[in-house]
Amino acid sequence: MRAWAAIFVTLSLAGCASEAPVEKTPAMYIDLATPDAKIDPAAAASMISQYRANNGLGPVTVDPALMQLAETQASAMAAANKLDHDARAPVAKRLTGEGYPTHKAVENVSAGYHTLAEAFSGWRDSPPHRANMLAGDVTKLGIAASYAPNTKYKVFWTLILAKPGAV
(Lines give C-alpha, C1' and ligand atoms only; values in the text may rest on other atoms or scores of the structure.)
Protein backbone atom coordinates (compact mmCIF):
# COMPACT_ATOMS: atom_id res chain seq x y z
CA MET A 1 0.00 0.00 0.00
CA ARG A 2 2.86 2.35 0.83
CA ALA A 3 4.43 1.68 -2.57
CA TRP A 4 1.18 2.65 -4.33
CA ALA A 5 0.89 5.80 -2.26
CA ALA A 6 4.48 6.76 -3.10
CA ILE A 7 3.84 6.17 -6.83
CA PHE A 8 0.63 8.20 -6.68
CA VAL A 9 2.36 11.14 -4.95
CA THR A 10 5.29 11.01 -7.39
CA LEU A 11 2.99 11.00 -10.42
CA SER A 12 0.88 13.79 -8.96
CA LEU A 13 3.94 15.96 -8.39
CA ALA A 14 5.28 15.18 -11.85
CA GLY A 15 1.97 16.30 -13.32
CA CYS A 16 2.18 19.58 -11.44
CA ALA A 17 5.74 20.15 -12.58
CA SER A 18 4.80 19.75 -16.23
CA GLU A 19 2.11 22.42 -15.89
CA ALA A 20 4.54 25.06 -14.64
CA PRO A 21 4.62 28.05 -16.98
CA VAL A 22 7.65 28.37 -19.18
CA GLU A 23 9.41 31.63 -18.45
CA LYS A 24 10.18 33.70 -21.55
CA THR A 25 13.10 36.11 -21.69
CA PRO A 26 11.78 39.68 -21.77
CA ALA A 27 12.37 41.34 -25.15
CA MET A 28 14.82 43.85 -23.70
CA TYR A 29 17.12 41.04 -22.51
CA ILE A 30 17.15 38.82 -25.60
CA ASP A 31 20.72 38.20 -26.75
CA LEU A 32 20.92 39.60 -30.27
CA ALA A 33 24.44 38.23 -30.81
CA THR A 34 22.98 35.04 -32.23
CA PRO A 35 21.87 34.07 -35.72
CA ASP A 36 18.19 34.76 -36.43
CA ALA A 37 17.70 36.90 -33.29
CA LYS A 38 15.40 39.83 -33.95
CA ILE A 39 14.84 43.02 -32.04
CA ASP A 40 11.30 43.69 -30.82
CA PRO A 41 10.57 47.21 -32.12
CA ALA A 42 7.42 47.55 -30.00
CA ALA A 43 9.45 46.82 -26.85
CA ALA A 44 12.04 49.39 -27.94
CA ALA A 45 9.35 52.01 -28.59
CA SER A 46 7.79 51.26 -25.21
CA MET A 47 11.12 51.53 -23.39
CA ILE A 48 12.08 54.79 -25.10
CA SER A 49 8.57 56.23 -24.72
CA GLN A 50 8.60 55.49 -20.99
CA TYR A 51 12.01 57.17 -20.68
CA ARG A 52 10.65 60.16 -22.56
CA ALA A 53 7.53 60.24 -20.36
CA ASN A 54 9.74 60.23 -17.27
CA ASN A 55 11.32 63.35 -18.73
CA GLY A 56 8.03 65.09 -19.56
CA LEU A 57 7.98 64.21 -23.27
CA GLY A 58 5.52 62.49 -25.57
CA PRO A 59 5.82 58.93 -26.87
CA VAL A 60 7.33 57.63 -30.07
CA THR A 61 5.82 54.95 -32.27
CA VAL A 62 7.37 52.47 -34.66
CA ASP A 63 7.54 53.63 -38.27
CA PRO A 64 8.04 50.86 -40.89
CA ALA A 65 10.03 53.14 -43.22
CA LEU A 66 12.37 54.17 -40.40
CA MET A 67 12.70 50.51 -39.40
CA GLN A 68 13.97 49.71 -42.90
CA LEU A 69 16.33 52.70 -42.91
CA ALA A 70 17.70 51.69 -39.49
CA GLU A 71 18.19 48.10 -40.68
CA THR A 72 20.06 49.28 -43.77
CA GLN A 73 22.38 51.46 -41.66
CA ALA A 74 23.03 48.75 -39.04
CA SER A 75 23.74 46.22 -41.80
CA ALA A 76 26.11 48.63 -43.57
CA MET A 77 28.09 49.15 -40.35
CA ALA A 78 28.19 45.39 -39.74
CA ALA A 79 29.38 44.71 -43.30
CA ALA A 80 32.12 47.34 -42.94
CA ASN A 81 32.93 46.21 -39.36
CA LYS A 82 32.88 49.89 -38.45
CA LEU A 83 30.81 52.04 -36.13
CA ASP A 84 29.98 55.00 -38.37
CA HIS A 85 26.98 57.32 -38.81
CA ASP A 86 28.02 57.73 -42.43
CA ALA A 87 28.51 54.04 -43.30
CA ARG A 88 26.12 54.56 -46.22
CA ALA A 89 25.57 58.33 -46.03
CA PRO A 90 24.62 60.93 -43.41
CA VAL A 91 21.18 60.29 -41.91
CA ALA A 92 19.56 63.32 -43.58
CA LYS A 93 20.78 62.20 -46.99
CA ARG A 94 19.60 58.62 -46.37
CA LEU A 95 16.13 59.79 -45.37
CA THR A 96 15.83 62.18 -48.32
CA GLY A 97 17.18 59.54 -50.71
CA GLU A 98 14.45 57.13 -49.61
CA GLY A 99 11.73 59.76 -49.96
CA TYR A 100 11.15 60.14 -46.21
CA PRO A 101 10.45 63.84 -45.57
CA THR A 102 11.17 65.04 -42.04
CA HIS A 103 11.04 68.19 -39.99
CA LYS A 104 13.73 66.66 -37.79
CA ALA A 105 15.72 63.44 -37.62
CA VAL A 106 18.36 62.26 -35.16
CA GLU A 107 20.30 59.04 -35.04
CA ASN A 108 22.07 56.96 -32.43
CA VAL A 109 24.49 54.25 -33.49
CA SER A 110 26.47 51.91 -31.31
CA ALA A 111 28.13 48.53 -31.38
CA GLY A 112 29.02 45.77 -28.96
CA TYR A 113 25.83 45.74 -26.92
CA HIS A 114 24.14 42.35 -27.07
CA THR A 115 20.71 43.31 -25.71
CA LEU A 116 18.24 46.14 -26.14
CA ALA A 117 18.64 46.95 -22.45
CA GLU A 118 22.41 47.34 -22.86
CA ALA A 119 22.08 49.54 -25.96
CA PHE A 120 19.45 51.71 -24.27
CA SER A 121 21.62 52.10 -21.15
CA GLY A 122 24.63 53.03 -23.26
CA TRP A 123 22.65 55.69 -25.10
CA ARG A 124 21.04 56.98 -21.90
CA ASP A 125 24.46 57.38 -20.26
CA SER A 126 25.97 59.25 -23.24
CA PRO A 127 25.00 62.96 -23.26
CA PRO A 128 24.65 63.30 -27.08
CA HIS A 129 22.73 60.02 -27.41
CA ARG A 130 20.55 60.91 -24.43
CA ALA A 131 19.76 64.27 -26.05
CA ASN A 132 18.64 62.46 -29.20
CA MET A 133 16.30 60.14 -27.27
CA LEU A 134 14.89 63.19 -25.49
CA ALA A 135 14.45 65.34 -28.59
CA GLY A 136 11.18 67.09 -27.85
CA ASP A 137 9.60 67.07 -31.26
CA VAL A 138 10.23 63.53 -32.55
CA THR A 139 7.28 61.14 -32.79
CA LYS A 140 8.50 58.13 -34.80
CA LEU A 141 11.32 55.65 -34.50
CA GLY A 142 13.12 52.94 -36.37
CA ILE A 143 15.58 50.65 -34.62
CA ALA A 144 17.73 47.76 -35.77
CA ALA A 145 20.47 45.48 -34.54
CA SER A 146 22.63 43.66 -37.07
CA TYR A 147 24.58 40.58 -36.02
CA ALA A 148 28.03 40.14 -37.56
CA PRO A 149 29.71 37.11 -35.93
CA ASN A 150 33.17 37.64 -37.45
CA THR A 151 33.57 41.21 -36.20
CA LYS A 152 34.98 42.75 -33.06
CA TYR A 153 31.62 44.08 -31.86
CA LYS A 154 29.27 41.27 -33.00
CA VAL A 155 26.15 43.51 -32.90
CA PHE A 156 25.73 46.91 -34.59
CA TRP A 157 22.83 49.17 -33.57
CA THR A 158 20.97 52.02 -35.24
CA LEU A 159 18.16 54.09 -33.74
CA ILE A 160 16.53 56.77 -35.89
CA LEU A 161 14.05 59.17 -34.29
CA ALA A 162 12.14 61.59 -36.49
CA LYS A 163 9.30 64.02 -36.86
CA PRO A 164 7.87 63.20 -40.29
CA GLY A 165 6.50 65.80 -42.66
CA ALA A 166 7.54 68.20 -45.38
CA VAL A 167 10.25 70.64 -44.39
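**View 1. Strands E2 and E4 pair in the antiparallel sense.** In this predicted model, E2 and E4 (residues 155-164) are joined over nine bridges; strands count as paired if DSSP finds at least two bridges between them. Strands here are DSSP runs (E) of at least two residues, helices are runs (H or I) of at least four, and both are numbered from the N terminus. Across the pair, Val106 sits opposite Leu161 of E4. E2 spans residues 102-111 and is mostly covered, with seven of its 10 residues buried. Buried means under 20% relative accessible area, exposed means over 50%, and partly exposed lies in between, using a 1.4 Å probe and protein chains only.

**View 2. Ile160 is a buried residue of strand E4.** Which residues touch Ile160, once neighbours within four places in sequence are set aside? They are Leu66, Leu69, Ala70, Val91, Arg94, Val106, Glu107, Lys140, Leu141 and Gly142, where contact means heavy atoms within 4.5 Å. Take Val106: it lies 54 residues from Ile160 in sequence, yet the C-alpha to C-alpha distance is 5.8 Å.

**View 3. Helices H2 and H5 pack against each other.** H2 covers residues 41-54 and H5 covers residues 116-124; their axes are 11 Å apart and meet at an angle of about 30 degrees. The axes are lines fitted to C-alpha atoms, for helices over the stretch in contact, and angles between N-to-C directions run from 0 to 180 degrees. So H2 is roughly parallel to H5, a label for angles under 35 degrees. H2 brings Ala43, Ala44, Met47, Ile48 and Tyr51 to the contact, while H5 brings Leu116, Ala117, Phe120 and Arg124. The crossing is right-handed, meaning that the near helix is turned clockwise from the far one by less than a right angle.

**View 4. Zooming out, the chain has six helices and four strands.** Reading from the N terminus, the order is α-α-β-α-α-β-α-α-β-β. Of the 167 residues, 38% are buried. Among contacts with a separation of 6 or more, 70% link residues 24 or more positions apart. The accessible surface comes to about 9,400 Å², with 59% of that belonging to carbon and sulfur atoms; the areas come from the Shrake-Rupley method with a 1.4 Å probe.

**Notes.** Residues are numbered from 1 along each chain as its sequence is written, and side-chain values use heavy atoms, without hydrogens or water. As the model is predicted, local features need pLDDT of at least 70 and side-chain atom pairs count only at pLDDT 80 or more, while totals for chains, interfaces and linings use all residues.

Conventions: Parallel < 35°, antiparallel > 145°, perpendicular 65-115°, else oblique.
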